[in-house]
Amino acid sequence: QVHLVESGGGLVQPGESLTLSCRGSGVTFIAYRTRWYRQAPGKEREFVAAIGHGSDGLTNYPQSLRGRFVISRDNAENTVYLKMNSLTPDDTAVYYCNIVSPDTPGADFWGKGTLVTVSS
């Protein structure tokens with residue numbers, strides 16, 4: 001059974017950095033495309049970052065976050081990270097980890113999210 005757990009959220013001040021983790025069980029991340037999404041109060045869920053399956057692990061970001069957010073994967077730890085820099089109150093949201101198999105239709109899994117609050 002696939003189980004994803006996000007962690008690392010919390011309260012930070014504007015300008016600070018934070019690293020989120022997504023740990024998986026019952027799944028090997030390198031075989032999946034992994035994405036981070038976020039959902040701010042009263043807003044639609046928004047794509048934040050992606051890392052491809054396989055050893056290449058190509059990354060992708062929306063233009064608005066490129067250069068400030070960095071996604072990475074530790075294959076030995078079966079964990080995907082999201083490093084967020086220069087945080088602003090607009091980054092306040094619940095952050096979700098999502099994995100999708102490129103080979104198995106319907107293999108699409110989500111974690112329950114971790115809350116990030118940016119406030120002074």
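In this predicted model, one aromatic cluster is formed by Tyr37, Phe47, Tyr96 and Trp110. Three aromatic pairs are found when the whole structure is searched. In one of them, the ring centres of tyrosine 37 and phenylalanine 47 lie 5.9 Å apart with the planes at 70 degrees, so the arrangement is edge-to-face. This pair links distant parts of the chain, since tyrosine 37 belongs to strand 4 (residues 33–39) and phenylalanine 47 to strand 5, 10 residues apart. Tyrosine 37 has a relative accessible area of 18% and is therefore buried, whereas phenylalanine 47, at 23% relative accessibility, counts as partly exposed.

Tyrosine 37 also pairs with tryptophan 110: the ring centres are 5.1 Å apart and the planes stand at 45 degrees, so this pair is tilted. Because tryptophan 110 lies in strand 10 (residues 108–110) and tyrosine 37 in strand 4, the pair ties together parts that are 73 residues apart in sequence. Tryptophan 110 counts as partly exposed, at 36% relative accessibility.

Arginine 45 lies over the face of tyrosine 96, 4.1 Å from the ring centre. The charged end of arginine 45 also sits over the ring of tryptophan 110, at 4.6 Å from its centre.

Nonpolar side chains in soluble globular proteins tend to be buried together. Here the largest nonpolar core comprises 28 residues, and Trp36, Leu82, Met84 and Tyr95 have the most contacts inside it. At least two residues of this core come from each of strand 3 (18–25), strand 5 (46–51), strand 7 (69–74), strand 8, strand 9 and strand 11 (114–118). Strand 9 gives the most, with four residues.

The structure holds one disulfide. Its partners are cysteine 22 and cysteine 97, with sulfur atoms 2.1 Å apart, and the link is left-handed, with -80 degrees about the S-S bond. Since cysteine 22 lies in strand 3 and cysteine 97 in strand 9, the pair ties together parts that are 75 residues apart in sequence. Both cysteine 22 and cysteine 97 are buried.

Threonine 92 is placed in the loop between strand 8 (79–84) and strand 9 (93–100). Threonine 92 counts as buried because its relative accessibility is 19%, under the 20% limit. Its side chain reaches the backbone oxygen of proline 89 at 3.0 Å, and a polar atom of that side chain lies 2.9 Å from the backbone nitrogen of valine 118. Leaving aside residues up to four places away in sequence, threonine 92 touches Ala40, Pro41, Val116, Thr117 and Val118.

Note on methods:
Residues numbered from 1 in each chain as written. Predicted model: local features only at pLDDT ≥ 70, side-chain atom pairs only at ≥ 80, totals over all residues. Heavy atoms only, no water. Buried < 20%, exposed > 50% of the residue type's maximum accessible area, 1.4 Å probe, protein only. Polar contact = N/O pair within 3.5 Å; in protein donor to acceptor, adjacent residues only side chain to side chain. Contact = heavy atoms within 4.5 Å. Core = buried A, V, L, I, M, F, W, Y, C linked by side-chain atoms within 4.5 Å. Disulfide = S-S within 2.5 Å. Phe/Tyr/Trp six-rings, centres within 6.5 Å; stacked < 30°, edge-to-face > 60°. Lys NZ or Arg CZ within 6 Å of the ring centre and 35° of its normal.
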